[in-house]
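Reader: I would like to go through this model and ask, term by term, what stands behind each label. Please set each value against its definition before you conclude.

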Amino acid sequence: MAASAPTKPTACLALADGTVFYGTGFGATGDTVAELCFNTAMTGYQEIMTDPSYAGQIVTFTFPHIGNTGVTPEDDETGDPVAAGMVVKWDPTLASNWRATEELKDWLSRTGRIAIGGVDTRRLTRAIRQQGAPHVALAHDPDGNFDVEALVAKAREWSGLVGLDLAKDVTCAQSYRWDEMHWAWPDGYARQEAPKHKVVAVDYGAKRNILRCLASAGCDVTVLPATATAEDVLAHNPDGVFLSNGPGDPAATGAYAVPMIQDVLKADLPVFGICLGHQMLALALGAKTVKMNHGHHGANHPVKEHSTGKVEITSMNHGFAVDAQTLPEGVEESHVSLFDGSNCGIRIADKPVFSVQHHPEASPGPQDSFYLFERFAEAMDERKSA
């Protein structure tokens, strides 16, 4: 029996340093340029791909079983995938989950996202850890025709995330109300019908589950675009202000977000920030942010709260961090990463103003960090009763 001809690669991942990985393409065809990161979570690939914080990034999944549970609109963190593409070890198998409504391959193809399978993701992850998050070009061609030199050149020419404001690209176009709460068996998503607090959420790329957590904590949520002014925020007469997650360089987004936050702080309202919102708050208070070597992306990151000594297992997704050494007097570091000692939270010592770098809504603990939403609600309660 004659040996079968070798299968021609149909996807190519070209790094700016000239390293090239070949594999099997799926999803959309064409090519895209982005920063490459890796995520260590064992579940939640759909939530990761639809997290607006991944704008401008291609995600390498270290867990090999990607696609095995398919996709369902109930798990989208925003309308369509935002991450530029995905890299996986094994080609996705057919979905095997009662909630699935579509195959991963079909979903990626329909929504214009490129993916490559058959890649040595361990080798790729080691390279990212050792050399930093590289600029890459990812191409998918069913005929397997690639201009590798051109792809490497595209990766080298890409400007990168430093100095890039992506919040404007992923924020809402206009304000809207949100009342959907946590998903629960057997009814799915319930509605908040008796809210206690009026909250304005500034959308730098907000995940839907963050808004659900706010609603579940008793909040009537009004979402405003990233470019909202302090006058826009305060016109809603909120009991508290929430600053959402989002992508890009916080210093770039801070050009318009920082003055707004500084003016909102003068109103003496409870303020709560997550991820980019955490970084925006830190910048507004006078601290600085720095680009990390390869960032934190996963669902198993231990974070310690200084005031209680409690260690939470958290979900992370960020490539920039607040420099704790630059925190001004009166602003305390509240949380710290036990992986590398980087800052994971701040608070103003004598005001109900606080933020965290990790994602308490992502339930990695699974409920280790939900107290932060309750703390925000309690701060609004105390202000009303004062």
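This is a predicted model: local features need pLDDT of at least 70, side-chain atom pairs count only at pLDDT 80 or more; totals for chains, interfaces and linings use all residues.

Reader: Why is Cys275 called buried?

Author: Buried means under 20% relative accessible area, exposed means over 50%, and partly exposed lies in between, with a 1.4 Å probe and protein chains only. Cys275 has a relative accessible area of 2%, and therefore counts as buried.

Reader: What makes the phi of Cys275 worth a remark?

Author: Most residues other than glycine have a negative phi, and most peptide bonds are trans. The phi of Cys275 is near 60°, a positive value in a residue other than glycine. Asp268, in the loop between α8 (250-265) and β14, also is not a glycine and has a positive phi of about 60°. With 45% relative accessibility, Asp268 counts as partly exposed. As for peptide bonds, the one from Trp185 to Pro186 is cis, with omega near 0°, and Pro186 is placed in the loop between β9 (180-184) and β10 (188-191).

Reader: How do you know that β14 and β19 are paired?

Author: Two strands pair if DSSP finds at least two bridges between them. Four bridges join strand β14 (residues 271-274) to β19, and these strands run parallel, with Gly273 standing opposite Ser355 in β19. Strand β18 (residues 343-348) is joined to β19 by three bridges, in an antiparallel arrangement, and here Ile346 stands opposite Ser355. A hairpin through four residues joins β18 to β19.

Reader: Which residues of β19 point one way, and which the other?

Author: In a regular strand the side chains alternate between the two faces of the sheet. In strand β19 (residues 353-356), Val353 and Ser355 point one way while Phe354 and Val356 point the other way, and all are buried.

Reader: Why is helix α6 described as largely enclosed by the rest of the structure?

Author: Helix α6 (residues 208-216) has nine residues, of which seven are buried, so it is largely enclosed by the rest of the structure. The buried residues in α6 are Asn209, Ile210, Leu211, Arg212, Cys213, Leu214 and Ala215. The helix is followed by Gly218, whose phi is positive, near 95°.

Reader: What makes the contact between Glu35 and Lys291 a salt bridge?

Author: A salt bridge is a side-chain nitrogen of Lys or Arg within 4 Å of a carboxyl oxygen of Asp or Glu. The closest N and O atoms of Glu35 and Lys291 are 3.1 Å apart, and the pair forms a salt bridge. This pair links distant parts of the chain, with Glu35 in strand β3 (residues 30-39) and Lys291 in strand β15 (residues 289-305), 256 residues apart. Glu35 counts as buried because its relative accessibility is 4%, whereas Lys291, at 32%, is partly exposed. The structure holds 14 salt bridges.

Reader: How do you know that Arg375 and Glu305 form a salt bridge?

Author: The closest N and O atoms of Arg375 and Glu305 are 3.1 Å apart, and they form a salt bridge. The pair links distant parts of the chain, with Arg375 in helix α10 and Glu305 in strand β15, 70 residues apart. Arg375 has a relative accessible area of 31% and is therefore partly exposed, while Glu305, at 3% relative accessibility, counts as buried. Salt bridges that share partners also join Asp179, Glu180, Arg191 and Arg212 into one network.

Reader: Why is Pro73 called exposed?

Author: Pro73 has 54% relative accessibility, and therefore counts as exposed. Pro73 is found in the loop between β4 (57-61) and β5 (85-87). Its C-alpha is 7.8 Å from that of Thr101, and the two residues are 28 apart in sequence.

Key:
Residues are numbered from 1 along each chain as its sequence is written. Side-chain values use heavy atoms; hydrogens and water are left out. Helices (H or I, at least four residues) and strands (E, at least two) are DSSP runs, numbered from the N terminus.
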